[in-house]
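Subject: Structure handover

Hello,

Here is the structure I promised to pass on. Please open it beside this note, and my findings follow below.

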Amino acid sequence: MSEHVPDNPRRDFLRKTLTLIPVVTVASTGLGLGASAVIAEPARSPNVPEKTDAAQYQPAFFTVDEYAFLQAAVSRLIPADELGAGALEAGAAEYIDRQMGTPYASGALWYMQGPFDADAAPELGYQLQLNPQQIYRLGIAGVLGWCRAQGNKPFHEQSAAQQDRVLAALEAGDLVLQDVPAKAFFSLLLQNTREGFFCDPVHGGNKGMVGWKQIGFPGARADFMDWAERNERYPFPPVSIRGERA
Amino acid sequence: MANTLKKVDAVIVGFGWTGAIMAKELTEAGLQVVALERGPMQDTYPDGSYPQVIDELTYSVRKKLFLDLSKETVTIRHTVNDVALPYRQLGAFLPGKGVGGAGLHWSGVHFRVDPIELRMRSHYEERYGKSFIPQDMTIQDFGVTYEELEPYFDFAEKVFGTSGQAWTVKGEVVGRGKGGNPYAPDRSNPFPLVSQKNVVSAQLFQQATSALGYHPYNLPSANTSGPYTNPYGAQMGPCNFCGFCSGYVCYMYSKASPNVNILPALRQVPNFELRANAHVLRVNLDDSKQRATGVTYIDAQGRELEQPAELVILAAFQFNNVRLMLLSGIGKPYDPVKNEGVVGRNFAYQNMGTVKAFFDKDVHTNNFIGAGGNGVAIDDFNADNFDHGPHGFVGGSPMWVNQAGSRPIAGVANPPGTPAWGSAWKKATADYYTHQLSMDAHGAHQSYRGNYLDLDPTYRDAYGLPLLRMTFDWQDNDIRMNQFMVDKLSKIAQAMNPKSIAVLGKQVKEHFNTASYQTTHLNGGAIMGTDPATSALNRYLQCWDVHNVFVPGASAFPQGLGYNPTGLVAALTYWSARAIREQYLKNPGPLVAA
Ligand SMILES: Cc1cc2nc3c(=O)[nH]c(=O)nc-3n(C[C@H](O)[C@H](O)[C@H](O)COP(=O)(O)OP(=O)(O)OC[C@H]3O[C@@H](n4cnc5c(N)ncnc54)[C@H](O)[C@@H]3O)c2cc1C
Ligand code: SF4
């Protein structure tokens, strides 16, 4: 395969967009802007380093102890192994800390008026009055307190096998935390960890597109006109919203 | 105290599919029309511009385009004896909130209707006898026939730029061996565009269902198979299977939407005005309670404004239409105990079953490729295309592969038994993400006495008004039908020779789960019909009680369809608009004598 083959789908896209735009005659103002923005922004930094800068990040929401827990937990939920980087290397802990500054984390996207029925059946969906920031704060404090009470080392200093046992107990709801249902804490943590592993790097996770590369997701390519019918492996590596290539 | 604005001929509440269609029709009739949309202005630019729109976290996961639950939601309970709790996080259904409504971020499967589903009760009574229908099942006829609606289906497809393959056109078979559906009713014209290409998963479904003796056909899709110009002069480019379709604004101008297909034409006419960020609180009635005088709404600055109008169109989506009627005192609220009243009755949904098949590395389903309306389906178990007699349940289900594109955060599925985290999860995800397919049994859902809508006694919206309460659960008929369909689907999956399959069907006594996505195909609550004692609207979608209020939308369906609803919603809206233009405006009053 010639070495510039992976560029073709991208150029294809630009060509199609250019030919498409004038076709839309009866349309809203500002239409052309979309196209020129795409054209004006060439793909940057083609070489994403395998080694990411996830380690250097300073958390804004989590305390030092909380962040140590978070880093240890995400690295067990999606571990680095023979397939490649895990959630820690992908920057999932950093991603979760950044998310804590968004309206999502303060519960502003949800209906949060009472009365609340924390014991409602699971079929009725989320019924806690806690937002993600509170779930993390209370959940992490609960787990750290539990480790202390058991006379164990802090979570992040435990062996991988011990950490996995704690996480499994949270997942099953066997580890009872005082202020937050363990299952609610665990499912939020797992959901956000996956987000940090698979989101577009623009959100601070999936650094180097390590998550996408491992499963064969091409990211922001979003143009498969010539591929729809083919029973073949899609050969092009992912690109990101910012135009990075893996 | 509300400020009163200058009176207009017609005010439309909501600017999604039904609002846009009504706006176009009524401005064509020369009326001065104002549309009030509660959400923000939205359009292909900037909301669908590449590359920012290719962002799974923002759109599928944080659900940027959907209903803002912090302002208003619904409450849900399973039976009249339970306390309803709010739908606090988006789960089972994903209503729209801004200009274009859910029509801006729908998928685009664009069906008509199976003719018997418009005559549901009559048809079942004729074929199987009255006693075949369970006592508490409240299915009804729509009061309009497929033949009457055919010209409106035809026109809506031309407006949407729909891709598909006809089976017969004016009685002549044209679709054999080409992907036509032998169970489809006759058409006056072919589809505006040929069918889309079929992705590998759909090809596998096509082969497996053919081998089993079924009749696979190409899904009719409002994603374009080629360039297209609609009757309003709006132009569309070909869909490229980008895979960011359902829940996203189409950056290619390929998915039909009110914004792409209708709004550009409305922008050209002086007698139309669209006001975004205009949240309608209620319809105002005169002292007789038989005539609406206009609506009251809150604007972006929080001011309460009154918009007087001769004609009021509720085009706010199924459950919002019902809520606005209840908040305004239009029509008698339904009482499930006495089985009396009309507003809120016959609330129905979609009865979904899903089977996933996982393959070896030599089958490349490449699930990131897809388009929302695209796929291959069978109707062998839809509507009444098979004998229900021996099975003893009411309703049918189309089945299909409809690969809209699945992305890694929300779209990863692994074979049953795979752990949810750790190296085993990681390996399975890497092994299967591009080697799996998903099939649905998109079952029709019937209406029952116990499933209905009213106002919640406790919870309120950001404006202090009661939320709508859904009382809803799966009934025995639903579960038995679902199990029948899922069994057929599993056999289709097995015929593909996969490594493993995952079956997601309903269990006996299973309750409606508000947290897991079903569809946004909610029906009923303000149903059309021939009898004012059992329907809120007449066959032209006109309120029986308040003749200058018309209510288009799936709220008018007396029960759910096997197919996706929007094709019928659009055709009924054009049908209603035609009645307004040709009959009502000449002689305002009830179009059908009560
Ligand atoms: C993800 C998704 C995929 C879908 N896929 C399909 C599909 O493939 N095929 C299919 O047939 N259907 C599909 N649907 C359903 C389809 O979108 C709806 O049937 C269709 O949009 C209904 O049109 P409508 O005009 O009734 O409502 P909408 O298009 O939702 O428009 C209603 C508008 O009213 C506004 N509104 C509500 N209340 C007020 C108020 N008080 N004041 C002012 N404005 C108000 C809303 O904000 C909204 O913009 C899908 C829906 C979703 C969410
Ligand atoms: S799949 Fe096609 S119709 Fe859907 S958003 Fe992408 S280009 Fe548009």
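A crossing of two helices is right-handed if the near helix is turned clockwise from the far one by less than a right angle, and left-handed if it is turned anticlockwise. That is the term you need for the helix pairs. Please keep in mind that this is a predicted model.

Chain A, helix pairs

Start with α5(A) and α8(A). α5(A) passes α8(A) in a right-handed crossing. On the α5(A) side, the contact is made by A92(A), Y95(A) and I96(A). On the α8(A) side, N192(A), T193(A), E195(A) and G196(A) take part. By class, that contact has three nonpolar, three polar and one charged residue. The two axes come within 8 Å and cross at roughly 110 degrees. Angles of 65 to 115 degrees count as roughly perpendicular, so α5(A) and α8(A) are roughly perpendicular to each other.

Helix α8 of chain A, residues 182-198, also packs against helix α6, residues 132-149. Here the angle is about 115 degrees, and the axes are 10 Å apart. α6(A) and α8(A) are therefore roughly perpendicular to each other. Which hand does the crossing of α6(A) and α8(A) have? It is left-handed. From α6(A), the residues in contact are P132(A), I135(A), Y136(A), G139(A), I140(A) and V143(A). They meet A184(A), F185(A), L188(A), L189(A) and N192(A) in α8(A). This contact has nine nonpolar residues, two polar and no charged.

Chain B, one helix pair

In chain B, helix α6 (residues 146-160) packs with helix α14 (residues 566-584). The angle is about 115 degrees, with the axes 8 Å apart. α6(B) and α14(B) are therefore roughly perpendicular to each other. The crossing is right-handed. The α6(B) side of the contact includes E148(B), L149(B), Y152(B) and F153(B). The α14(B) side includes T566(B), G567(B), W575(B) and R578(B). By class, the residues of this contact are 13 nonpolar, two polar and two charged.

The ligands

T566(B) turns up again at ligand 1. 35 residues surround this ligand, and the closest are T18(B), E37(B), R38(B), V109(B) and T566(B). A polar side-chain atom of T566(B) lies 2.7 Å from a nitrogen atom of ligand 1. For T18(B), a side-chain N or O atom is 2.7 Å from an oxygen atom of ligand 1. For E37(B), the corresponding distance is 2.6 Å.

Which residues are closest to ligand 2? They are C239(B), C242(B), C245(B), C250(B) and G370(B), among 14 residues that surround this ligand. The shell around ligand 2 divides into eight nonpolar, five polar and one charged residue.

Backbone points to check

- G114(A) and P115(A) are joined by a cis peptide bond, with omega about -5 degrees. P115(A) is in the loop between α5 and α6 of chain A.
- The peptide bond from Y50(B) to P51(B) is cis, with omega near 5 degrees. P51(B) sits in the loop between α2 and α3 of chain B.
- N346(B) is not a glycine, yet its phi is positive, near 55 degrees. N346(B) lies in the loop between α10 and β15 of chain B.

Best wishes

Key. Residues numbered from 1 in each chain as written. Chains lettered and ligands numbered in written order. Predicted model: local features only at pLDDT ≥ 70, side-chain atom pairs only at ≥ 80, totals over all residues. Heavy atoms only, no water. Axes fitted to C-alpha atoms, helices over the stretch in contact; angles between N-to-C directions. Helix = DSSP H or I, 4+ residues; strand = E, 2+ residues; numbered from the N terminus. Parallel < 35°, antiparallel > 145°, perpendicular 65-115°, else oblique. Contact = heavy atoms within 4.5 Å. Nonpolar A, V, L, I, M, F, W, Y, C, P; charged D, E, K, R; others polar. Near = heavy atom within 4 Å. Polar contact = N/O pair within 3.5 Å; in protein donor to acceptor, adjacent residues only side chain to side chain.
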